[in-house]
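Dear colleague,

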Amino acid sequence: MDSEKKHNKFIKWFFKRPKITGLLLFLFLSCIVAFIVFQQNEITKEADKREMRSIVNKVRQNIEKSLKNCYTTTLTLALTIDDDGKPKDFETIAKKLIESNPNINTVQLVPNGIIKYVYPFKENKEALNLNILNNPYLKNDAIKSIATQKMYFAGPLKLKQGRFGIVGRFPVFQKNKFWGFSAVILSLDSLLESAGIKNIDTTKYYFQFSKYDFASQKEFFLLNKDNSFADNYSVSTTIPDSDWKIYLITKNPKNSVPAKTVFAATIGIFLSALFGFLITALLQMPRKLQSLVKIQSVRLQNSEIKFKAIFDQAAVGIANIDSLSGNFIEVNSQFCRLLGYTQEEIRKLNFQTITHHDDLQEDLLQFERVKKGEIKDYSIQKRVLKKNGIAIWINLTVSPLLKNNDSFTNHIAIIEDISKKKQTEKLIKKSESRFKSLFDDSPIPLWEENFSAVKDYLIELKLMNQNIAFVTNYLELNPAVVTKCINLVHIIDVNRMSLQLYKSEIKEKFTSGLTLLIDDDARCNFTKIIVAITQEIKQVHFDTKIKTTLGEYRDVELRWSVMSGYEKSLKRIIISTEDITERKTAEKIILESRSRVESLINTIDGIVWECDVENFTFKFISKKVTKILGYTPEEWLAQPSFWIDHIYHEDQEWVSLFCKNQTDLTINHDFEYRMIAKNGSIVWLRDIVNIVIEDGKPIHLRGIMIDITRSKEAEKELNASFDLVSEQNERLLNFSYIISHNLRSHTSNISSIVNLIESSESEEEREQMLDLLKTVSCSLNETMSHLNEVINIRTNIALASEPLNLQQYISIVTANLCKQIEINEVEISNEIPQDFVINYNPAYLESILYNIISNAIRYRHSDRKPQIKISLQHENGKKILQISDNGIGIDLARNGDKIFGMYKTFSNNADSKGIGLFITKNQVDAMGGNIIVESDLGSGTTFKIYIR
């Protein structure tokens, strides 16, 4: 009995303390969950370790299998070596061995440690004759293989062939004497791939491959992966016949908890907490029920107090009415104030006595329906009579005052004074009537439309207040949005002028929507309205076209305006569509007329212009200016002083003065001047100017500029040709004098000798005369030859010129005169640049150089060694070939005007004929150049040849 009491007391202790009980239960269940999760985690880890050991052992077995295949390959190669130490059929056997073992890339035979035999040869020829026993990088592994007399796998190594690989060397002994190695080369990647390391679950594990270097006592990791895995679980194994080690490592740290374990623990803790919470809630329910009863009791008292306060202090009139008689049982203060009665006075009345007789029937009908249960309540607007007899409008709401069994004996009536609202509605109706009258009778076609749905749709698309360019681009890319916006517009009304504009008598055809009215041409303009809505613009104005019901297009000026008070909702929009077809037609006629005039002006072969008479500021310039001068009309008209500024500088002053004088005298004028074109060239213009006079005063200048550049150039060429002909005529006249003089001299001598022959008396005398006649004939022949050469020079107009190296032609002439230069010990100083080139006729250049240099040698001074200096000078942008000597010189005071004459000699030298300088002068002139001479008697001579 005592134990039962203690047990009940113990249980009650927990019931009285629900929160502590729930917490203890939560802790107990959490401990059980933690134990189960820990055991599950340990089991999972042990299973992972077993799986890792199984994977590593399988990989090790695969690698051993691949290495055994390599061992078999090297042994087979070793068996091909005969007793003399020479391999037989190496390439055939090697090829078959590689084909049978895809992991092997290369096989080798290495007698005495020197690589002598390789296959394939082309890819491995770089390794031939490599002595691996002398190579510090390879010899340690090779010596280890010899010492153990077993196959040893070294690497990965940097091969002589230029790649990395694993080398397996099998030492070969003949008659207990080391012969060399039989070797194979395979790549680490192919070895590992064949071992199956790519088949593991890479989300859980990864491999690492290492080699232990005994020299440095360090372990080197060979795969490009993380090698700092001390904090992770790992399993490893070594590879026989090598220093390799393979690791299998988990990607999760040792201390990490698997996601499954975390999830299970979380669920367990959550369920423990939920179970603790539920126990706490169950234990707290009796106490809550007691508390709730107290709260409801207090609320009921408060509700009655609040109802009384609301009833008395409400801003609307409230009355408690008897359902049978309609008498007022109780009313609040606001009800009394609205009607002007006191509490006592109103209790003596019923609602029928204060209701306006015109509204009483509707009120009684609704009240009966509520009493019968047909409706729960009703609300009507009616008129009631105040104590002073004035009727006011009220909004009446009547509902039954229900009891617990849904029965009622009373009704609650709530009244609100709406007299001002009724007055406002009356004014609005009056305003609407006036608006309707103005709308319908307007002489301009008007539309009343509702765009609220369009705005809501644009808000939904998040286009409101976006950048105009963004909205425009969006609408272009999404034409369906424009179509939907058109469908969302609601047409409220259209006036008579709109029907007349559209040639229709049925208003309903338009109020059904815009879909039938907006075609593809009008969509672009509707897009402008959509953009305006997104920018919250209240007015839009543009010209557009509409299509009537008869299929006729009319031009209209459309104005889209938001009515005042509807800026936010866009529920009422007024659109006017004034017919401007006639105005547009007139504008089109004017534009076409202007276009024809401009077309006519632009076809005229000249620049048509108009300018101000005061300061010559141009108001119009035709497009021909671009073809003639290169400037656009916009460039010309942008600068007031453009015309004056672009007149050629030599003509600016007189042109400006001439135009001003002629304009002041009101004389139409025609003059020629030059202008600078856009490309910098000079253009000759003939300007024909007419003065426009109004009221006796000049107001404008109009004219046409004609390009006369070609005619001016033709005139210039004609003048040049005339000058050339005149010069040629003068030369021919002088030449005819020379011919006449020279031939007359020879013919006179021949005539005299013939007379002497006829009168000679002896044969000897006749022979002498014949010899003399031969001499005169040879002289005549020489004279004719010289005259013929001069004629050829003067008549050869189309001389062929080509780029010539001046230094080269000086060398040719000095080579031709080498004997004279050597005999007379002539010193020639050549200062012409090696790469200097001139455009000249080759024969003329050689002739000119030969005549001047040979004359310098011929007319040398007997008291000094001849010196000739050839140089290049520049004067005013012209190139001058200058040839100077220290010869006897020329007396220019006496002979300067004869120096280039034919047969003019100025010394007693027997070789002088007076023809060389004459020919040189003609050749230089024919090439468009000039030659002058500077000389002092006894000092020397300088010839300057100006090259064009």
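The lining of the largest cavity divides into 13 nonpolar, three polar and four charged residues, where Ala, Val, Leu, Ile, Met, Phe, Trp, Tyr, Cys and Pro count as nonpolar, Asp, Glu, Lys and Arg as charged, and the others, Gly among them, as polar. Please bear in mind that this is a predicted model, in which local features need pLDDT of at least 70 and side-chain atom pairs count only at pLDDT 80 or more, while totals for chains, interfaces and linings use all residues. Residues are numbered from 1 along each chain as its sequence is written, and side-chain values use heavy atoms, with hydrogens and water left out.

A cavity here is a set of points, on a 1 Å grid over the protein atoms alone, where a 1.4 Å probe fits but cannot get out, and its lining residues have an atom within 4 Å of a point. Searching the whole structure gives five cavities of 30 Å³ or more, a volume being the space filled by probe spheres set on the points, which are joined across faces, edges and corners.

The largest cavity has a volume of about 290 Å³, and among its 20 lining residues Y502, L514, I518, I546 and L558 lie nearest its centre. Strand 17 gives the most to this lining, with five residues; strands (E, at least two residues) are DSSP runs numbered from the N terminus, as are helices (H or I, at least four).

The second largest cavity has a volume of about 110 Å³, and of the 15 residues that line it, I321, F351, K382, L396 and A413 are the closest to its centre. Its lining has 13 nonpolar, no polar and two charged residues.

With best wishes

Notes:
On a 1 Å grid over the protein atoms alone, a cavity is a set of points where a 1.4 Å probe fits but cannot get out, and a pocket is an open set with protein on both sides within 12 Å along at least five of seven lines; lining residues have an atom within 4 Å of a point.
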